[in-house]
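Reader: I have the sequence and the coordinates open. Please take me through the fold and its details, one question at a time.

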Amino acid sequence: MAPTREVILDAALRVIRERGLAKATTKEIAKAAGFSEAALYKHFADKSEIFLGVLQERSPGFPPLHTRLAAQPGSATVAHNLTEIAVAALAFYQENFPLFGSIFAEQAIFDAHRLRLRQLGAGPHKVNDALAGYLRGEQHLGRVRADADVAAAADLLLGACFQQAFLNHFQGQRPNPATAARHTNLLLPVLEP
């Protein structure tokens with residue numbers, strides 16, 4: 001039998017996908033997992049920690065995105081690295097769009113979730129920060145223009161990926177790596193020295 005934490009995360013993913021985060025109570029997650037609510041709290045402090053666990057450990061898109069964001073400045077080419085990051089971001093956003101959308105369903109739940117993520121040092125801005133950090137490293141190596149606004153570049157690329165994931169999800173389409181490459185190619189002229 002799988003460890004309790006793993007069973008809880010699997011159950012949480014099912015419940016969140018079926019009901020949305022706002023209606024995925026710890027009671028419902030515990031029931032789906034076949035445990036008491038007390039068992040949940042032995043492994044997670046609250047629903048926000050469960051949600052983070054689902055994103056980080058159950059989303060097939062998280063490990064590739066995390067790996068791509070850890071690209072070392074100076075490795076491969078900037079264009080290659082940015083395209084790989086964009087492809088991974090597009091896949092991650094598309095896979096998780098229903099989960100993200102459910103957070104906004106009820107303002108009180110959204111506010112509580114946002115506060116809890118801040119307390120945990122987590123949140124969607126971490127992806128932008130990581131990409132900006134990578135680009136800053138490339139700036140130091142002279143592979144990105146010294147006057148380039150790397151934070152804005154990160155926002156633009158990831159924002160384009162998020163918007164494309166929304167459109168794909170709405171239209172019932174799968175992510176297309178060529179689209180991610182197109183977004184990267186549009187950004188390169190403002191980054192290249």
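Reader: In which loop is the place of A76?
Author: This is a predicted model, and what follows is computed from it. A76 is partly exposed, with a relative accessible area of 46%. Its place is in the loop between α5 and α6.

Reader: What is phi of A76 near?
Author: Most residues other than glycine have a negative phi. A76 is a residue other than glycine with a positive value, and its phi is near 50°.

Reader: How many helices and how many strands does the secondary structure of the chain come to?
Author: From the N terminus on, the elements run α-α-α-α-α-α-α-α-α-α. The C-alpha trace spans about 60 × 35 × 35 Å along its principal axes. The secondary structure comes to ten helices and zero strands.

Reader: Among contacts between residues at least 6 apart in sequence, what percentage join residues at least 24 apart?
Author: The chain has 193 residues, and buried residues make up 44% of them. Of the contacts between residues at least 6 apart in sequence, those that join residues at least 24 apart come to 71%.

Reader: Is the aromatic pair of F92 and Y93 stacked, edge-to-face or tilted?
Author: The count comes to five aromatic pairs. For F92 and Y93, the ring centres are 5.9 Å apart and the planes are at 55°. Planes under 30 degrees apart would count as stacked and over 60 as edge-to-face.

Reader: How many residues apart in sequence are the parts that the pair of Y93 and F162 ties together?
Author: Y93 and F162 form an edge-to-face pair, 5.2 Å centre to centre with 75° between the planes. Y93 lies in helix α6 (residues 78-103) and F162 in helix α9 (residues 150-171). The pair therefore ties together parts whose separation in sequence is 69 residues.

Reader: Is F162 buried, partly exposed or exposed?
Author: Buried means under 20% relative accessible area, and exposed means over 50%. Y93, at 8%, counts as buried. F162 has a relative accessible area of 33%, so F162 is partly exposed.

Reader: Which residues do ring pairs link into a cluster?
Author: Both F92 and Y93 are buried, and Y93 also pairs with F162. Ring pairs link these residues with others into a cluster, made up of F92, Y93, F97, F162, F166 and F170.

Reader: Where does T184 lie, and which residues does T184 touch?
Author: T184 lies in helix α10 and is buried, with a relative accessible area of 1%. T83 lies in helix α6 and, at 18%, also counts as buried. T83 touches A181 and T184, not counting residues up to four places away in sequence. On that basis T184 touches A79, L82, T83, A86 and L157.

Reader: Which residues lie nearest the centre of the largest pocket?
Author: About 860 Å³ of space lies in this pocket. Its lining has 19 nonpolar, eight polar and three charged residues, and elements that give two or more residues to the lining include α4, α7 (107-120) and α9. Of the 30 lining residues, those nearest the centre are L55, G123, P124, H125 and V127.

Reader: Leaving aside neighbours within four places in sequence, which residues is A122 in contact with?
Author: A122 lies in the loop between α7 and α8 and is buried, with a relative accessible area of 14%. A122 and E95 are 27 residues apart in sequence and 19 Å apart in space, C-alpha to C-alpha. Leaving aside neighbours within four places in sequence, the contacts of A122 are L52 and L117.

How values were computed
Residues numbered from 1 in each chain as written. Predicted model: local features only at pLDDT ≥ 70, side-chain atom pairs only at ≥ 80, totals over all residues. Heavy atoms only, no water. Phe/Tyr/Trp six-rings, centres within 6.5 Å; stacked < 30°, edge-to-face > 60°. Buried < 20%, exposed > 50% of the residue type's maximum accessible area, 1.4 Å probe, protein only. Helix = DSSP H or I, 4+ residues; strand = E, 2+ residues; numbered from the N terminus. 1 Å grid on protein atoms, 1.4 Å probe; cavity = no way out; pocket = protein on both sides within 12 Å on 5 of 7 lines; lining within 4 Å. Points joined across faces, edges and corners; volume = space filled by probe spheres on them. Nonpolar A, V, L, I, M, F, W, Y, C, P; charged D, E, K, R; others polar. Contact = heavy atoms within 4.5 Å.
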